[in-house]
Amino acid sequence: MTDKRTITLTVNGQRHTREVETRMHLADFLRRELRLTGTHLGCEHGVCGACTVLLDGEAVRSCILFAVQAHGCDVITTEGLAAPDGTFSVLQQAFWEKHGLQCGFCTPGMLTTLTAFLRETPDPTEEQVRDAISGNLCRCTGYATIVEAALSAARRLRGEG
Amino acid sequence: MGSRNIGSSVKRIEDPAILRGRGRFVDDIALPGMLEVAFVRSSEAHARIRGIDIAAAAGLPGVVAVLTFNDLGSSRMVQANPHPLLKQNITQYPLARHEVCYVGETIAMVVAENRYIAEDAAQLVAVDYEPLPAVIDVLEAAKPGAPRAHLDSPDNLVARIPWKFGDPDAAFAGADHVFRSRYTQHRGGCHSIECRGVVAIHDELSEQLTVYSSTQSQYLVQRFLAAYTGRPEAKIRVVAPDVGGGFGPKCAHYPEELALALAAPKLGRPLKWIEDRREHFIATTQTRDQVWDVEVAATRDGKVLALRGRGVHDHGAYVPYGLLLPLGSVVNYPGPYEIKSMDMAIDVVFTNAVPTSPIRGAGRPFANFILERSMDCVARNLKLDRAEVRRRNFIRSEQMPYSTGGKLPNGNPVMFDSGDYQACLDMALQASGYAGFGERRAEARTRGRLLGIGISSYNEDTGIAPHEGAHVRVFSSGKIVVTTGAGAIGQGMKTVLAQIVADELGANPADVQVEAGDTAAFPMGMSTAGSRNTVTAGSAAHLAARQVRDKALRFAAEAMEAHESDLEILEGAVRVKGIPDKHLPLAEIARRLMGFVNVPNPIGFTPGLDATAYHSPERPVYANGTNIAVVEIEPQTGHTRVVDYFVAHDCGRIINPVLVDGQIVGGVAHGISNVLFERMIYDRDSGQPQTTNYGEYLLLTAPDMPRMHLQHMETPSPWNPIGVKGAGEGGTIPCLATVVSAVEDALSDYGVTVNEYPLSPERIVELMEARRSANDRPG
């Protein structure tokens, strides 16, 4: 039950080596071991998407991934989205300007999911944005302003204002 | 002072920290020596506990304690909302005594070095149950001789709530038509994306108990903990940190909160419990079922004279929150209509399911549904247009303030302050193309789709009593700090208060710091519920800032030897109008009023540039509006989609338009989710909950949202100093009736009457087929 392994991974540009229980999920590792509490746990069964992080660039649910599976990987959490000097990413800025969050609990998952999505789909339709976040639950916003923020960020990333 | 900030979509001051992942939610708190808690919960809907074997759990390495009934409080929890109509005021024990009454009830508390170990150990606690008959169905529970949800109860009746005014008997006797309908409504659970959570810390030196809780009611939690433990309130600090959504259920006070507060001093280490999602399904209060049989008395012109109805409300297994939810579902009659007689009574009954409490709308959606379905029913039977029936029944703006005939709990008459209900309906009709909808419907038919349009109008009591307060202080740095007893639960209250205060003090909202949610920071507060914070705390912040402003002007007038009427506050300083050089910064005034050692205070001035104010509304203020939905149904599968949604809404003066829109759209999303997706299912025999994850229980997702079309009216309320009304629930309240009305309209070819929700695709097909086979039947 307390099987342990040593893992090394890079989180937000910083390398960490830790001994972890093999049963510890990645979200708990980030939150408990590294004290990166920006990653939120909403359901712990892989549906709500609040715990989404970028693992080697791909959006994954850190509550259904063991920390040991991230050995050797590059992880970006919501804390790692802004520039090193603290400047918001284009998407973060758009969330702020478009009122893309209310309670903010789903926000880290929305930001990471959409960061990966916009990289792959720089010129999305509204429908594509909605599909992209269809695995992220939000109880506050009705999603409208999140979709708006994503579309606005996409425009800005394409240099269209 | 003009309103530079009020009325503008100021970016939220709450957002930067959260966007950076630096919010502080309760699960983000980690303290040295902190232990973690897992609860052992009843696996039975109703059972006697014969014994609990904790030996194996207690022996697991890393387990610090396993606590059961005898280790904690021996009395039942405090009733949060006492009410004279409560016949059976049964609250839970923090840990069950000898009987459990729903699956999920707390039985034992495992405390361990971390949550992983605590959950391992919880599995090892063996509870010996003697199963008892359970009752889940609300209509069953209300029958004489039904299984009793509690062994010691005479029956399942918690309360019988009457709501009567006018002369209903005469109205029915004189009516041209009487229509009868049964309404079956089910709303699901809370489903804030953050579940509940508690951290309890006892400091031996100061004997101070600090409880961090993801709550909407920190002051009530403090009060109930004091009442239960006998510890003075001054030694109990309750803090609501960032709260990841409330929606009502986080207003209640819970067994876990009490259990941690009782155990922390005993164990001498900080304790933390974070609810997981499965626990949220079986331990956080829900809303669930209400069933009504209702008669409508109407004239041949479609004027509604009276409603008479009998309802049954599923209260769940305990009464954690008084009768607020069932009360909310009757006291809002007659809604926006001039219906002069009313006789609606509801029986509140126990079932062996999770206790219930208000969820967004707090009973009002149930009442709105019945009123609006009744309007549609009158229209259908009298072959009148649905909008026309509403027009004939509305309270008109020239009748404001309007007394309904009902009475508030304090005996005062229910009065609506202001609003133009017809104008909102007209706005929504126009925007939705209601008059020309036939063309759209015909076009959809060519694609094999059924299109329908639905209407619901509503009004809503907001800004409910008793009070909230705010303290505004200018520091010698010039920094303005607002502290309030009202809670910030994600709705943007800090930004709203900053806007209000900034306008009085010539500041930028970004420079106003707002502190909320901590009982140690402000003396008194009530609850973040009932769309009340902008009305109560907003008005209080305005009043306090006004006092600060007046004091600054008076001080500056003396200091600069000027008339107050020649002064204005701009950009952080009191200035003589027209003489830019002549000014005194607020920071300097604050510094002088804070005083200097051995120098007397300025004569005629109390110390400090600050003020405290409360707003204590005597009665609610009424927001209103009309919603119109367009739904599209695929007849083969029953798949139903809301494609367009129109809102015409009046919440009085708007402080921040984007935030109001956010509340409305979020509220509509909650309503659509209730109608088309959410159903908390229990096995009717065993009482086992069957939807305990998001695969089994569906929530609305981004592709399910319709195109939203929002319009506002601003009829300032005359009953508070800033003219505002609440906006937090107005999206949800009319939405259920709107969508169902549209579904019924879409199914008009089938002649189906829809008086229920949720409506799954299966249910839609069932309704269509039932009608088909009824038509096929000979004779």
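Which residues of α12(B) are buried? In this predicted model, local features need pLDDT of at least 70 and side-chain atom pairs count only at pLDDT 80 or more, while totals for chains, interfaces and linings use all residues. Residues are numbered from 1 along each chain as its sequence is written, and chains are lettered from A and ligands numbered from 1 in the order in which they are written.

In α12(B), the buried residues are B:Tyr421, B:Cys424, B:Leu425, B:Met427, B:Ala428, B:Leu429 and B:Ser432, where buried means that 20 or more other C-beta atoms, placed from the backbone, lie within 10 Å of the residue's own. Helices (H or I, at least four residues) and strands (E, at least two) are DSSP runs numbered from the N terminus. The 12 residues of helix α12 of chain B (residues 421-432) should span 16 Å at 1.5 Å a residue, and the end C-alpha atoms lie 17 Å apart, which agrees; the expected span is 1.5 Å times one less than the number of residues. The buried residues of α12(B) pack against α11 (386-393), β18 (450-462), β26 (621-633), β27 (640-650) and β28 (707-713) of chain B. After α12(B) comes B:Gly433, with a positive phi near 65°.

Chain A is divided into domain 1 (4-80) and domain 2 (90-157), with bounds from an automatic or database domain assignment. The centres of these two domains of chain A, taken over C-alpha atoms, are separated by 21 Å. In domain 1 of chain A, 15 residues are in contact with 12 residues of domain 2 of chain A, contact requiring C-beta atoms, placed from the backbone, within 7 Å. On the side of domain 1 of chain A that touches domain 2 of chain A, β3 (52-55) and β4 (58-61) of chain A each supply at least two residues, and the largest share, 3 residues, comes from β3(A).

Methods. A residue is buried if 20 or more other C-beta atoms lie within 10 Å of its own, exposed if 12 or fewer, and partly exposed in between; C-beta atoms are placed from the backbone. Two residues are in contact if their C-beta atoms, placed from the backbone, lie within 7 Å.
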